[in-house]
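The briefing below is meant to be read alongside the sequence and the coordinates.

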Amino acid sequence: MKSLFVEGNSGMHRVSARAKLLVLAALGVMLFLTANLMLLALAVLAAAAVYFSIGLPPRSALARLKPIFLTILIVALFSLAFNPWHVAIVALLRLTALMLFATAVTATTTIAQFIDEITLLARPLERLGLLRADDVGLAVGLVVRFVPEILDRYRAIREAHAARGIKVRPTTVLVPLIILTLRDADNIAAAIDARGVRRHVN
Amino acid sequence: MSTRDLVLSALFAAIIVALGILPPITLGFIPVPITAQSLGVMMAGVVLGARRGTIAVLIVLVLVAIGLPVLSGGRGGLAAFAAPTTGFLIGWVLAAFVTGYLSERLVKSEQSALVQTVGFFLAAMIGGIVVLYACGIVYLAFAAQLGLSKAFLGSMAFIPGDVVKAFVAALVGRAVMVGYPLLPVRS
Amino acid sequence: MDIRFEGAGVSYGARVALAPVTLQLTEKRIGIIGLNGSGKTTFARLINGLTKPSVGRVIVNGRDTADAKAVLTDVGFIFQSPQNQIILPVVRDDIAFGLKSRGYKPAEIASKVEAVLQRFSAAHLADRRAHELSGGELQLAALCSVLATGPDILILDEPTNQLDLKNRGLVHGLVDGLPESAIVISHDLELLTGYERVLVFHEGNLVADAQAGEAIRRYREIASR
Amino acid sequence: MDIRFEGAGVSYGARVALAPVTLQLTEKRIGIIGLNGSGKTTFARLINGLTKPSVGRVIVNGRDTADAKAVLTDVGFIFQSPQNQIILPVVRDDIAFGLKSRGYKPAEIASKVEAVLQRFSAAHLADRRAHELSGGELQLAALCSVLATGPDILILDEPTNQLDLKNRGLVHGLVDGLPESAIVISHDLELLTGYERVLVFHEGNLVADAQAGEAIRRYREIASR
Ligand SMILES: Nc1ncnc2c1ncn2[C@@H]1O[C@H](COP(=O)(O)OP(=O)(O)OP(=O)(O)O)[C@@H](O)[C@H]1O
Ligand SMILES: Nc1ncnc2c1ncn2[C@@H]1O[C@H](COP(=O)(O)OP(=O)(O)OP(=O)(O)O)[C@@H](O)[C@H]1O
Ligand SMILES: O=C(O)CCCC[C@@H]1SC[C@@H]2NC(=O)N[C@@H]21
Ligand SMILES: [Mg+2]
Ligand SMILES: [Mg+2]
C-alpha cells in the first residue's frame with residue numbers, strides 16, 4: 001500500500017505536522033462561519049496556491065484532486081438545480097478550499113508524523129484508561145501488514161471454488177475469509193505478547 | 001483492551017480495506033459511491049460486536065486520515081473528510097457500534113437459525129442504514145447546502161444496495177457464529 | 001487417466017515459472033518433488049486448468065484444459081493449505097456443498113456424503129467445525145469433500161505438511177489405498193517410496209523423470225548444492 | 001538457563017491439555033516431540049508465561065512465570081506459523097519493534113538491528129516486505145526479530161515446517177550454531193539427533209525424558225500404535 005505522501009522540501013513540507021493540522025481544523029470551522037463569496041473565493045485561491053507549491057508535477061497534482069472534486073461539483077450542480085444559485089456556489093467554494101488544503105497536508109506529512117500526532121491526541125484517552133496511545137501505531141502497522149495476506153487468501157478461496165466447480169457467491173467467499181482471518185488473530189496476538197511489546201496489559 | 005481484541009479489530013479493519021479493492025460504482029447523479037466497504041462496516045458490528053467493531057472502523061478512519069489510499073477506488077487522505085460524503089464516513093463509526101450493540105442484544109446462541117439471521121439483519125438495517133443515513137444525510141444537507149429533503153431523496157438511491165448488504169451481513173454473521181463463535185455475550 | 005503436456009509452459013511477465021514441458025502421464029501414482037519455488041504447484045495447476053499455459057497445451061482425458069470447466073469434473077485438487085479449501089464452516093455441509101452445485105438431489109447428496117464419510121472412516125468429523133480440526137483431520141475432511149464428487153484423477157499438493165508421524169502414516173495409507181489415479185507433490189520423500197514415476201523440478205525445469213529411487217537421489221543432490 | 005516445573009499443569013474446562021509435570025531443565029539443547037495435540041505447544045507456552053498453569057508453578061531463571069512480564073525478556077519464542085509472527089510490514093521495522101518497547105534509544109535500536117542482521121547474514125531481507133518472503137526467509141526474519149532483544153532462552157515451535165530439504169538444512173545449521181539455550185519442538189526428528197535431552201509427550205502426559213535416540217524410539221512406538 002503506497003501512501004499519498006510526496007517526497008519534497010517545499011514550505012509545506014517544512015512546517016510541522018501539528019501546525020498544518022491545526023490550521024486545517026481552524027479552516028474547517030472558519031469557512032463555515034462566512035457566506036461571503038469574495039472571501040470564500042479568496043480562500044480557494046490561497047489553498048490552490050499552497051497546493052500547487054508542494055512540488056507535485058501539475059498533471060498528477062490535478063489527477064489527485066479529481067475524485068473528490070468531482071463529487072463536490074456534482075453535489076453543487078444538484079444543489080443548483082433546487083436551490084438559489086449563490087447557496088450552491090458557497091458550498092462549492094467552501095468544500096473546494098478545504099479539500100485543496102487537506103490534500104496539501106496529506107501530501108506533505110509522512111505517516112510517521114501523522115502517527116506521532118494521533119498518538120499525542122490519544123494520550124488523554126489513555127489516562128482515562130480507554131486505550132493505549134502506542135496501540136495506534138501498532139494497529140496501523142498490522143493493517144498494512146495483513147491486507148496483502150487477506151487478498152491472497154481471497155484469491156485462494158476463489159480458486160478453491162473454481163477447483164471444486166462451485167459458483168462464487170459473496171457469502172461463500174466472505175465466511176471462510178472471515179473465519180480464517182479471525183483465527184490468525186489469535187496467533188498474531190500471541191506473537192505480540194510473546195515479544196513483550198504491550199507489556200503493561202494482560 | 002487485550003492484545004487479542006486489538007488484533008481482531010485491526011484484522012477486521014484490514015478486511016474492510018480489502019473490500020475497497022472492489023471498484024466503487026458511482027451513480028451519475030449522486031456524489032456518494034456505492035461501495036462494498038459499508039458491507040464491511042455492517043459485518044464488523046455483526047461479527048465482532050459493538051466495542052471491537054467500532055474500533056475496527058476507527059482504525060480504518062485513522063488510515064484514511066494519515067494518507068493511505070484505503071477507500072474504494074484508491075482514495076484517501078484528509079480530503080476525504082472535506083467531501084460532501086464525509087457524514088457517511090464518520091457515520092460508519094456509529095453504524096458499527098449500533099449494529100454491534102443490537103447484535104449482542106438480539107442474537108443468542110440458543111435461538112434457531114432463522115431467528116438469529118433475522119436478528120442480525122435487523123441489527124444491520126438499523127445500524128448500517130437508519131443510523132448511518134441519518135449521519136450522512138444531515139451532513140450532506142449542511143455541508144453541501146442541499147437541504148434535508150433533497151439530501152434525503154438523493155440518498156435513497158443507495159437503499160436497494162444497502163438492504164442487500166444488510167442481508168449478506170446477516171447470513172455471514174450467522175455462519176461465522178456457527179463456525180467460529182466470537183460475539184461477546186452480554187450478561 | 002491420460003494427461004498430455006504438449007510444450008506447455010508458464011511465465012509471469014519475464015519470469016519463467018515453468019519452462020515448456022512435453023510428456024504423457026498415465027501411471028496410477030505419480031510423484032513430484034523439488035525445492036521451494038521450483039515449479040511443482042505450477043505444474044499441477046496446469047492439469048486442472050486453474051493455471052492456463054502461456055505456451056503449448058495440456059490435454060486431460062482428451063480434453064484441452066483451456067476449457068477448464070470440462071476438466072474440473074475429472075480432476076480433484078487438494079491444495080497446499082487445506083484450510084483455504086474448506087468453504088463452509090461445518091464439515092458435513094462442506095462435503096454436501098460441492099455436490100449441490102453439481103445438481104444432485106437432496107437424497108442423493110445425503111447418501112453420497114455418508115458414503116464418503118464411511119469410506120474414509122471420517123464419520124466422527126461430520127459435525128465438527130472445520131477451524132477446530134487438527135492438521136491431520138483437516139486433510140481428511142478436504143479429501144472427503146473432493147472425492148465425494150467422484151473425480152477420476154486426484155492431485156495432492158504436499159498432503160503431509162505439518163502432520164505428526166501418526167497422521168502422516170494415516171495419509172500415506174489413505175493415498176496408497178485410493179482406487180483413483182493420484183499425482184502427489186511432496187517434500188516428504190517417504191510418501192513416494194515405491195512410486196514408479198517421480199518428476200523432479202528445479203528452477204522451473206523438469207530435470208528428472210524416473211523411478212522413485214533414482215529421482216530422490218537426484219533431488220538430494222540438488223538440495224545439497 | 002534454569003527452568004523448573006513444579007507440578008505445573010494446564011486444563012481447559014474439563015479437558016486436560018497437560019497433566020502436572022515436575023522437572024528441571026538446564027541443558028543447552030532440549031527437544032520436544034509427540035503427536036498432534038499431545039501438549040507440546042502448551043508445555044512450551046508455560047515457559048514464557050503465555051499460558052498460565054492451572055495448577056503448580058513454573059520458575060524460569062528464578063522468576064515465577066505468573067509474573068509474565070519479567071519472564072518475557074528472558075525467553076524468546078518462535079511460533080508454529082511464522083507468517084503470523086512478523087507483525088510489521090517491513091522486516092527491519094519488525095526487528096526494531098520489540099526493541100522500541102524495551103525503551104532503547106533510536107541509535108541503539110539501529111545498531112542492534114544491524115548487528116542481528118549481520119549475525120544471521122540476513123541483511124538482504126531488511127527492506128523486504130514480510131508478505132513477500134518465502135517460508136525459509138520468514139523463519140530467518142522471525143529469528144532475527146526475536147533474538148534482537150537478547151533473550152537467554154529460545155523456544156522454537158516446529159521451525160522446519162513446510163520447508164524443503166535445502167531450507168531445512170539451513171535452519172538446522174542456524175539452530176545448531178546458536179549460543180543461546182534452545183528448546184526445540186519438532187516433528188522433524190533429524191533436527192534433534194544428538195540432543196542430550198528430549199521430552200516425549202502423549203495425550204497430555206510426559207511419557208519419556210531421555211537422550212535423543214531413546215526418546216525417538218519411544219515416539220515411533222507411540223505413533224505406530
Ligand atoms: N501468480 C504468480 N505470479 C508471479 N510469480 C508466480 C506466481 N505463481 C508462482 N510464481 C512463481 O513461480 C515459481 C514457481 O512457483 P510454484 O508455486 O510452482 O513453486 P513450488 O515448487 O510449488 O514451491 P513450494 O515448494 O514452495 O510450494 C516461483 O518462483 C513463484 O514465485
Ligand atoms: N485454548 C485452548 N482451549 C481449549 N483447548 C485447547 C486450547 N489450546 C490447546 N488446547 C488443546 O490442548 C491439547 C494440547 O494442545 P497443544 O497445542 O499443546 O498440542 P501440540 O502437541 O502442540 O500439537 P501440534 O503438534 O498439533 O502442534 C489439544 O487437545 C488442544 O486441542
Ligand atoms: O468516500 C467513501 O468511500 C465513503 C462514502 C460512504 C458511502 C456510503 S456508505 C452508505 C451508502 N451506501 C453506499 O453504498 N454508499 C454510501
Ligand atoms: Mg507449491
Ligand atoms: Mg503445537
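The model is a predicted one. Among the five pairs of chains that touch, chains A and B make the most contacts, while chain B and chain D are not joined by any contact.

**Chain B against chain A**

- The contact brings 57 residues of chain B together with 62 residues of chain A, and the area buried between the two chains is about 5,100 Å², with carbon and sulfur atoms giving 81% of it.
- One salt bridge is found across this interface, and in it the side chains of Arg4(B) and Asp186(A) come together at 2.4 Å, taken from N to O.
- Six residue pairs are in polar contact between chain B and chain A, counting pairs in which both residues have pLDDT 80 or more.
- On the side of chain B that touches chain A, the elements giving two or more residues are helix 1 (3-19), helix 2 (37-48), helix 3 (50-65), helix 5 (113-143) and helix 7 (159-179) of chain B, and the largest share, 14 residues, comes from helix 1 of chain B.
- By residue class, that side of chain B consists of 46 nonpolar, eight polar and three charged residues.

**Chain B against chains C and D**

- Five residues from chain B and four residues from chain C take part in the contact between these chains, which bury about 370 Å² between them, 65% of it on carbon and sulfur atoms.
- The count of salt bridges between chain B and chain C is zero, whereas two residue pairs, both residues at pLDDT 80 or more, are in polar contact.
- The side of chain B that touches chain C is made up of four nonpolar residues, one polar residue and no charged residue.
- For chain B and chain D, which have no contact, the closest C-alpha atoms lie 10 Å apart.

- Because Thr41(C) belongs to helix 1 (residues 40-47) and Gln80(C) to the loop between strand 6 (75-78) and helix 3 (91-100) of chain C, the pair ties together parts that are 39 residues apart in sequence.
- Thr41(C) is partly exposed, at a relative accessible area of 27%, and Gln80(C) is likewise partly exposed, at 31%.

Definitions and conventions
Residues are numbered from 1 along each chain as its sequence is written. Chains are lettered from A and ligands numbered from 1 in the order in which they are written. This is a predicted model: local features need pLDDT of at least 70, side-chain atom pairs count only at pLDDT 80 or more; totals for chains, interfaces and linings use all residues. Side-chain values use heavy atoms; hydrogens and water are left out. Helices (H or I, at least four residues) and strands (E, at least two) are DSSP runs, numbered from the N terminus. Buried means under 20% relative accessible area, exposed over 50%, partly exposed in between (1.4 Å probe, protein chains only). Contact means heavy atoms within 4.5 Å. Buried area is the accessible area (1.4 Å probe) that two parts lose on being put together, summed over both. A salt bridge is a side-chain nitrogen of Lys or Arg within 4 Å of a carboxyl oxygen of Asp or Glu. A polar contact is a pair of N or O atoms within 3.5 Å; within protein, one must be able to donate a hydrogen and the other to accept it, and residues adjacent in sequence count only if both atoms are side-chain atoms. Ala, Val, Leu, Ile, Met, Phe, Trp, Tyr, Cys and Pro count as nonpolar, Asp, Glu, Lys and Arg as charged, and the others, Gly among them, as polar.
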